[in-house]
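Have a look at the model first, then read on.

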Amino acid sequence: YGFGAIRSVQLVVDPPAVRRGQHATLRCLYDLDDSPLYSVKFYRGLREFYRYSPGQQPSKKIFPFPGINVDASLSDNRQVVIKNVGFGLSGNFSCEVTADAPSFSTATEHISMQVVELPDSGPTLWTEHTRYEPGDVLRANCTSQPSRPKAELTLTLNNMVSIPFFRSRSLQVYTSHEESRTTTDNLISSSLTLRLHLQSSHFGTGLMPGLGGASGSGGALLLRCTATIGKLYERYTELELGVPQRDPIPARGTY
């Protein structure tokens, strides 16, 4: 921060993660300690795009910047509103506050804005068969809906054992492959493919002690795929896979 008349400056983005196409508000919160304001300037990177100077006419000035469409009617000496935000605006913003005479002290604060597009629904979960027993090979695929940033995928079996747990126990019976695909709309879809050689310990009736419930599930396999994007998004889809004497239950999840 600067010295003299400016006590503090804080820059916040509302909402914290902006969905593509929505408006973003950058709020510059400052305390001038009873000194008059000379100017507030907003920057994208090193380039100024909005300025408020109460001693000038007009007090609001907008400087052209590709991808930034300022709503002048909602912008003032404390905030600037950007309409129809695109992915290209993810990155660093700053506000610079300058007090008027006699100090003309200046303080600047920075923040990083994240522009996102969240999936419309939960992930898609597929298995090669609907019934399994010990000795079978479980082949499955989980694919997230397109988003930006991409969703992170995890697979769990019987609600409490993460799939990588089996890898540590038996390296020869577990393989997985994860890949991403970029759509024409510049979104990213994640895909996780699993191949697991099933053993009796993988089924509900044969779980190892201390791993948690499902001992009364009649030997069924509950496979779940969870897609997450930080703290912004979490959805799952699960399949209950029957044993030969039991019918499978259709997929369910959060949408």
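## Salt bridges and a buried leucine

R224 and E238 form a salt bridge, with their closest N and O atoms 3.0 Å apart. R224 sits in strand β17 and E238 in strand β18 (residues 233-241), so this pair ties together parts that are 14 residues apart in sequence. Strands, by the rule used here, are DSSP runs of E with at least two residues, numbered from the N terminus. A salt bridge means a side-chain nitrogen of Lys or Arg within 4 Å of a carboxyl oxygen of Asp or Glu.

Before going further, a word on the model: it is predicted, so local features need pLDDT of at least 70 and side-chain atom pairs count only at pLDDT 80 or more, while totals for chains, interfaces and linings use all residues. Residues are numbered from 1 along each chain as its sequence is written, and side-chain values use heavy atoms, with hydrogens and water left out.

How many salt bridges does the rule give? The count comes to eight. Side chains of opposite charge can pair when their charged atoms come close.

| Pair | Closest N and O atoms |
|---|---|
| R224 and E238 | 3.0 Å |
| E117 and R20 | 3.6 Å |
| R7 and D33 | 3.1 Å |

R7 counts as exposed at 55%, whereas D33 is partly exposed at 34%. R20 is partly exposed at 27%, while E117 is buried at 15%. E117 and R20 also belong to a network of salt bridges that links R19, R20, E117 and D185.

Now back to strand β17 (residues 221-229), where L221 lies. L221 counts as buried because its relative accessibility is 1%. Which residues does L221 touch? Leaving aside neighbours within four places in sequence, L221 is in contact (heavy atoms within 4.5 Å) with Y132, L157, N158, L198, H202, F203, L239, E240 and L241. The C-alpha atoms of L221 and R131 are separated by 8.9 Å, although these residues are 90 places apart along the chain.

Conventions. Helix = DSSP H or I, 4+ residues; strand = E, 2+ residues; numbered from the N terminus. Buried < 20%, exposed > 50% of the residue type's maximum accessible area, 1.4 Å probe, protein only.
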